[in-house]
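Colleague: I have the two chains open and want to go through a few spots. Can you take me through them?

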Amino acid sequence: MRAPRKSLATAAAAALIAAAALIALPASQAAAGVTPRTTLPIIQRQVMCVTCKIPLEVAESPQANLERAYIQGLINQGMGEAEIKRNLVAQYGPTVLAMPSTHGFDLAVYLVPLAVVLALIATVLALLPGWRRHARERAAALTSSRSLSPADADRLDSDLARFD
Amino acid sequence: MPALACLFGACVVALLVYGLTTQSPDRTLDELVARRQYPLAPNATRKLPVLGGGGQRSLSSLEGKVVVLNFWASWCEPCQLEAPLLERAQSRLERYGGTVLGVTYLDASTDSESFVRKYHLTYTSLRDATGSFAHSYGTDQLPESFVINRQGRIVAISRGEIDEAFLNHAVALAESS
């Protein structure tokens, strides 16, 4: 989105309105006797600021404050996480969710790491027999290099016999 | 084995290139309009909910009218600047059977409705909740406006804040056709 040129006064006013809403809404919720099923920090971690394109929990902008106030309103109505997220998607579209969708190109986010892990496992499985064969051959070569020739064996036997 | 690794690497690179090309905005409409080939407005039959209730409407329901299709959101500052211009254009277009049609995008309906009340907008606005309608017009920034003639073809595009000249073009088109 085109970078909005907010005046400092407008930004401060929007922040104040959002802050006032955040303070006032829990009071109205208590008055209504609704038990909240989730909290703002929990939801903030899972959604994006749609205009700044960063997670809402780190976003500092008038629009982010409006989103927070909107979410707090839904929490105060007693909505759970899934219901709030559905509501946010209906208002702001699927891009409001921090997690990529499981459709279209976004599916690659889930499939590529899986494919990489499978490729690594396949590579190890393919190379493992070769590594084992090489290890066996090396061990066999080492053993054969340490074995005594018949002449040396005879000399060793005769030397040992002298100590008997 | 090295061949397989190369193939896998090539697949990952191809996926990245595909991702970059599909995620960037489509400018096919702009190119066609620049060549005076005037493409049909995409997704014209797609029904979208009317902002403030009142069911659903599609662009094709305005067939035979000159339409200024305007994508906007309440948080977008240039949209606030051009809203009075669009409202004036609406009253001029109405005389010739034309209209402005707003489409909100990435905006909470309550905020959009407040915007409509604040700027006394009389033209209809639809809600594109998924953003797919906007994307079919190559829209990824706001505001963006499209002049659609009586035959349902896009004849002018403004990617950014509109001015009087752009709207005069739309009104002239409505007058002449």
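Predicted model: local features only at pLDDT ≥ 70, side-chain atom pairs only at ≥ 80, totals over all residues.

Colleague: Fine. How many residues lie between S6(B) and S7(B) in the hairpin?

Modeller: Five residues lie between them, and Gly152(B) in the turn has a positive phi of about 80 degrees. The strands themselves, residues 144-148 and 154-159 of chain B, pair in the antiparallel sense over five bridges.

Colleague: Which residue in S7(B) is the bridge partner of Ser145(B)?

Modeller: Ser158(B). Ser145(B) is also among the contacts of Val68(B), along with Val147(B), Ala89(B) and others.

Colleague: Now H3 of chain B. Where is the kink?

Modeller: At Ala83(B), shortly before the proline Pro84(B), and the kink is about 35 degrees.

Colleague: Is Ala83(B) buried or exposed?

Modeller: Ala83(B) has 21 other C-beta atoms within 10 Å. The cut-off for buried is 20 or more, so Ala83(B) counts as buried. Leaving aside neighbours within four places in sequence, Ala83(B) is in contact with Tyr119(B) and Leu121(B).

Colleague: What span should H3(B) have, and what are its end C-alpha atoms apart?

Modeller: At 1.5 Å a residue, the 19 residues of H3(B) should span 27 Å, and the end C-alpha atoms are 29 Å apart, which agrees.

Colleague: What covers the buried residues of H3(B)?

Modeller: The cover includes strand S3 (67-72), strand S4 (99-105) and helix H6 (164-176) of chain B. The buried residues of H3(B) include Cys79(B), Glu82(B), Leu86(B) and Gln90(B). After the helix comes Gly97(B), with a positive phi near 75 degrees.

Colleague: What is phi at Tyr38(B) and at His120(B)?

Modeller: Phi is near 40 degrees at Tyr38(B) and near 50 degrees at His120(B). Tyr38(B) is in the loop between helix H2 (28-34) and strand S1 (48-49) of chain B, and is partly exposed, with 17 other C-beta atoms within 10 Å. His120(B) is in the loop between H4 and strand S5 (125-128) of chain B. His120(B) is exposed, with 9 other C-beta atoms within 10 Å.

Colleague: New topic: how many residues does the contact take from chain B and from chain A?

Modeller: It takes 19 residues from chain B and 21 residues from chain A. On the chain B side, helix H1 (2-23), helix H3 (77-95) and helix H4 (109-118) each give two or more residues. H1(B) has the largest share, five residues. By type, the chain B side has eleven nonpolar, six polar and two charged residues.

Colleague: Last one: how many helices and strands are there in chain A?

Modeller: Six helices and two strands, in the order α-α-β-β-α-α-α-α from the N terminus. Of the 164 residues of chain A, 18% count as buried.

Conventions: Residues numbered from 1 in each chain as written. Chains lettered and ligands numbered in written order. Contact = placed C-beta atoms within 7 Å. Helix = DSSP H or I, 4+ residues; strand = E, 2+ residues; numbered from the N terminus. Nonpolar A, V, L, I, M, F, W, Y, C, P; charged D, E, K, R; others polar. Pairing = 2+ DSSP bridges. Buried ≥ 20, exposed ≤ 12 C-beta atoms within 10 Å, placed from the backbone. Expected span 1.5 Å × (residues − 1). Bend = angle between axes of the 7 residues up to and from the residue.
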